[in-house]
Amino acid sequence: MSSGITTATMSSYAILGCGSVGHAVAEELEREGKDVLILDRDESRVEALRDQDLNAETADIRDESIVDNLADRDVVLILSSDVSANEVAVENLQAHNEDQFIVARASDPVSADDLSELGANVVINPSAVIADSALRALETGELEHKARQLAAVIDATDERMAILIHRGPDPDSIASAVALQAIAANRDVEADVIYEGEIGHHENRAFVNLLGLELVSSQSVDLAEYDTTALVDYAKSGDPSAYVDGKIDIVIDHYEVETEAEAEFTDVRPNVSATSTILTKYVQEYDLSLEQEVATALLYGIRAETLDFKRDTTPADLTAAAYLYPFADHDTLEQVESPSMSPETLDVLAEAIRNREVRGSHLVSNAGFIRDREALTQAAQQLLNLEGITTTAVFAIADDTIYLAARSKDIRMNIGNVLAEAFSDIGDTAGHSTDASVEIPLGIFTGIETDDGNRDTLLELTEEAVRTKLFEAMGVEGSDGSNGN
């Protein structure tokens, strides 16, 4: 039995107008063993095509009579540089055979719309195709260039590199940092991932523990002992100068970051939704064989930052996730995404539900005095599931500080900006459009010293002031709030 392609298994094609574009398409189809008929009104061109053993005939593609010659063709590619001739050809073909698949060449968006309305199944614009190809080549070349620059900075490390992530790091920060750590290790450079504050949220702690990721608290190290310093996914913490007393060598983030000193290497891409996406591109460029834990961390970092691809997801995020998917431990991911809720978190949630005030679709609640401030973030997320609620903010007092966590699924609101407007003059705000937090020194806010005898007074003052400021910043006025019943 012959293994060759027979005419019975081939699609048959016709190319109308065989300039440079049509000629390139014809040669590619011929290489694939396709049955191709070429029609062009330039006799010398047709002769040249025949000299190349191509099936070419002289004809004007405007002529309605050529339609009968094309009746047995499954696909017709109308590729003349004369767009008006292409439009006539599409009209003639559609009038006689609506079953043929028609590809037509346009010259601009207007002619593309016209050809689509006339019945072309696919419309191509060579200028747009060339521009798209040039941009892809630019992106590839830029990544290669950036990868060489990053490698040079890492290779210049004499002893050890510090990879710094923001206060109370989230999965995207942690995953991006361990990926850069893996890149450094591949280049025989030791690196520590250093975080400020605490890894507080139950889900984040489960993420670190289940994957066995090694992170170092900033309180246990002297940053002066590191000769290379990298800031990774740090922008949400604001100005790093209070944390980093010295030069910064590397900055990688998906938010714009302000640094006191210009870094030797910077890759900031606001056009992607996760820093994990950026680091995944470098992993691919270096052709690294990632450990399963790092691949799992990066995939979770992308999923967490995009709310499982439901928030501001870009094609780059999706392609990075698709690359990581086969290498990730999905059983571990399921455990990370469904952590157990501690008794205190349940208590905080219950208190927040009891004290909730709802105005329109916005909910604000006071959880009282707490020990685990990270329970607020889970409470804010859980309350977002209540019917009709699009924005939540839960606050409480712990360790002489007012902590507030907010969540929003209202596309008209940037909750990070709302909290900054309300509290940036008296506290530290961090976050973005759907997820934000505030820390406010209690004494500054109330003007009262904190002790056991005035807890109720502090709570009452905090309750009224925080609610008022929040609702005003959200653009919700009046006192018609309810508990949501």
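Arg407 counts as buried, at 9% relative accessibility (buried is under 20% relative accessible area, exposed over 50%, partly exposed in between, with a 1.4 Å probe and protein chains only). This is a predicted model, where local features need pLDDT of at least 70 and side-chain atom pairs count only at pLDDT 80 or more, while totals for chains, interfaces and linings use all residues. Residues are numbered from 1 along each chain as its sequence is written, and side-chain values use heavy atoms, with hydrogens and water left out.

**Salt bridges**

- Across the whole structure, a search turns up 16 salt bridges (a side-chain nitrogen of Lys or Arg within 4 Å of a carboxyl oxygen of Asp or Glu).
- Arg407 pairs up with Asp435 in one of them, with 2.7 Å between the closest N and O atoms. That pair links distant parts of the chain, with Arg407 in strand E16 and Asp435 in strand E18 (residues 435-441), 28 residues apart. Asp435 is partly exposed, with a relative accessible area of 28%.
- Arg62 and Asp82 meet through their side chains at 3.1 Å, N to O. Here too distant parts of the chain are linked: Arg62 is in the loop between E3 and E4, and Asp82, 20 residues apart from it, is in the loop between E4 and H3. Arg62 is partly exposed at 33% relative accessible area, and Asp82 is partly exposed at 27%.
- Arg354 and Glu351 form a salt bridge with closest N and O atoms 2.4 Å apart. Both sit in helix H12 (residues 343-354), three residues apart, or about one turn of the helix. Arg354 counts as exposed at 55% relative accessibility, while Glu351 is partly exposed at 25%.

**The six-stranded sheet**

- Six parallel strands make an open sheet, ordered E3-E2-E1-E4-E5-E6 (helices, H or I with at least four residues, and strands, E with at least two, are DSSP runs numbered from the N terminus; strands pair if DSSP finds at least two bridges between them).
- Strand E3 (56-58) and strand E6 (122-124) are the edges, each pairing on one side only.
- On average, neighbouring strands of this sheet are turned by 15° against each other, direction ignored (axes are lines fitted to C-alpha atoms, for helices over the stretch in contact, and angles run from 0 to 180 degrees between N-to-C directions).
- E1 and E2 run parallel and are joined by five bridges; in E2, Leu39 is the bridge partner of Leu16.
- Helix H3 (residues 83-96) packs on the sheet, touching E1, E4 and strand E5 (101-105), and its direction makes about 170° with that of E5 (contact means heavy atoms within 4.5 Å).

**Helix H1**

- Gly22, Ala26 and Leu29 are buried in H1. They cover an arc of only 65° around the axis, which puts them on the same side of H1 (the arc is that of the directions from the helix axis to the C-beta atoms).
- The buried residues of H1 pack against strand E1 (12-16), strand E2 (35-40) and strand E4 (75-78).
- Exposed Ser20 and Arg31 are on the face turned away from the buried side of H1.
- After H1 comes Gly33, with a positive phi near 80°.

**Two more residues to look at**

- Asp410 is in the loop between strand E16 (401-408) and helix H14 (415-423). Asp410 is buried at 9% relative accessible area; not counting residues up to four places away in sequence, Asp410 touches His362, Thr390 and Thr391.
- Arg50 belongs to helix H2 (residues 43-51) and is partly exposed at 40% relative accessibility.
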